[in-house]
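Welcome, and please take a moment with the sequence and the fold before reading on. The notes below walk through a few helices and sheets.

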Amino acid sequence: MHSKYLIAGSSHAALEAATAIRLVDADGVLTLLTQDAHFPYSPTILPYVVSGRSQPDNVVLRGQAYFDDNAIAFMPDATVVSVDPAQSSLRLACGETWQYDRLLIATGAAPMLPPVRGLADVPFHVLRSMDDAVNLRQAMGQARSAIVLGAGLVGMHAAENMAKAKIAVTVIELQPHALTGYFEPRASAIIERTFARNGVRMLVGQTLRSVERRGDGCLATLADGKTIAADLLLVCTGVKPNIGFLDGSGIEVDTGILVDDLMHANLPNIWAAGDVAQARGFWGGEVVNGILPNAVEQGRIAGAGMAGDAGVTPFAGAVPLNTYSFFGQQAISVGRSSSCDGFEIEDSGDEANGVYRHIVLNDGRLIGIATINDFVDAGIMWQLIRRGTDLSAVKTEFIANPQLTGRRLMSRIWR
């Protein structure tokens, strides 16, 4: 089997790359290989499948008609197990070998399991794929109690869904507060209190020492010796780039696949994008930043480069961006939530009533902003950070009303 353009993966980065390729080359043989059995979907939709608000068949990003219209071969159930750059080939779990002229690796991330004693011997769930979401929803129908290990976005979404399903939920988090990757402690405290008011037991700063099987469920033991029994265990302790199949390939990896600003790997005719790529960080270094806007941008850059588009714009660096709804409330985090020496911090709001704003500035420029129930346009904040917009002349107005001031600034900048 041979494809001029071979893309391993089928979510946002892969689809954006395919679109960018077709804008330049309408006829070159283009193939998408995915280990998934489903048409492409966004991992961000999985909590809605778990809750029952969305059905698996209704959340596809692209269906067969799209692939037919764009002359793209879509190959589900195609798991890549090795890549041989010297032969410009890769091998699938089914034994097939594919030759490529240009390869994009956009295989995403896989759940990362913690070193908890006994975990391998008890039934537990993860939440990264459509099948995971369907299985978790089915298990919730039989459960009266649950433990969610990890208080990141995936774990907190799942805990909310369980609480709304009348399941007694305990969240166990090793870090001192929930959502440490997105919010500083005061903001997280508002979220934690909201969960507690809705019946979720939040155990932050706690270590899960071991788990053991109890019937169809488990018994969890914390480092302090306390035990918690549950019918259902969900492990949400982070993800890691899905790159195990690259062992021995010569493709340079660290946490993810190391790429330059055009998403090139270290070997010819190989690109990487999305959750699997370790690219330039906006504030220096090379980072894996698994958010949807980055996947889209990186996929577009990689696809344009694969097709020989001379006008491709290099990647400017990863800036975190997340919006998070919980129990009818809204949280937004853009950029850096933590401060460094010399950074200016502006906090405001009414924390007792669940309203909070955290702004980080450096030399008159926005470094980060996080809000709880204080709406700002995350896209505009992201652009202000990426563009390094000098806010010195409007700093007082921006601190008082970042939403209005940001819109006024961007309306002038975008003209």
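## Helices and sheets in a predicted model

H1 spans residues 12-24 and H7 residues 292-306, and the two pack at an angle of about 35° with their axes 7 Å apart. Their crossing is right-handed.

Let us move on to helix H10. Its 12 residues, 402-413, reach 16 Å from the first C-alpha to the last, close to the 16 Å expected at 1.5 Å a residue. Which residues of H10 are buried? They are Pro402, Gln403, Thr405, Gly406, Leu409 and Met410. These residues lie on the same side of H10 because they cover an arc of only 165° around the axis. On the face turned away from the buried side of H10 sit the exposed residues Arg408 and Arg412. The cover over the buried residues of H10 includes two strands, E23 (355-362) and E24 (365-372), along with helices H8 (378-387) and H9 (395-400).

Strands E23 and E24 also belong to an open sheet of five strands, ordered E20-E21-E24-E23-E22 with antiparallel pairing. E20 (321-326) and E22 (344-350) stand at its edges with a single partner strand each, so one side of each has no neighbour in the sheet. On average, neighbouring strands in this sheet are turned by 10° against each other, direction ignored.

There is a second open sheet to look at, with four strands in the order E10-E9-E8-E14 and parallel pairing. Its edge strands, E10 (201-204) and E14 (232-235), each pair on one side only. Neighbouring strands here are turned by 15° against each other on average, direction ignored.

| Strand pair | Sense | Bridges |
|---|---|---|
| E21 (residues 329-335) and E24 | antiparallel | five bridges |
| E8 (residues 145-149) and E9 (residues 168-173) | parallel | five bridges |

To find these pairs in the viewer, residue partners are handy. Ser333 stands opposite Ala370 in E24, while Leu149 stands opposite Ile172 in E9.

Key: Residues are numbered from 1 along each chain as its sequence is written. This is a predicted model: local features need pLDDT of at least 70, side-chain atom pairs count only at pLDDT 80 or more; totals for chains, interfaces and linings use all residues. Side-chain values use heavy atoms; hydrogens and water are left out. The expected span of a helix is 1.5 Å times one less than its number of residues. Buried means under 20% relative accessible area, exposed over 50%, partly exposed in between (1.4 Å probe, protein chains only). The arc is that of the directions from the helix axis to the C-beta atoms. Contact means heavy atoms within 4.5 Å. Two strands pair if DSSP finds at least two bridges between them. Axes are lines fitted to C-alpha atoms, for helices over the stretch in contact, and angles run from 0 to 180 degrees between N-to-C directions. A crossing is left-handed if the near helix is turned anticlockwise from the far one by less than a right angle, and right-handed if clockwise.
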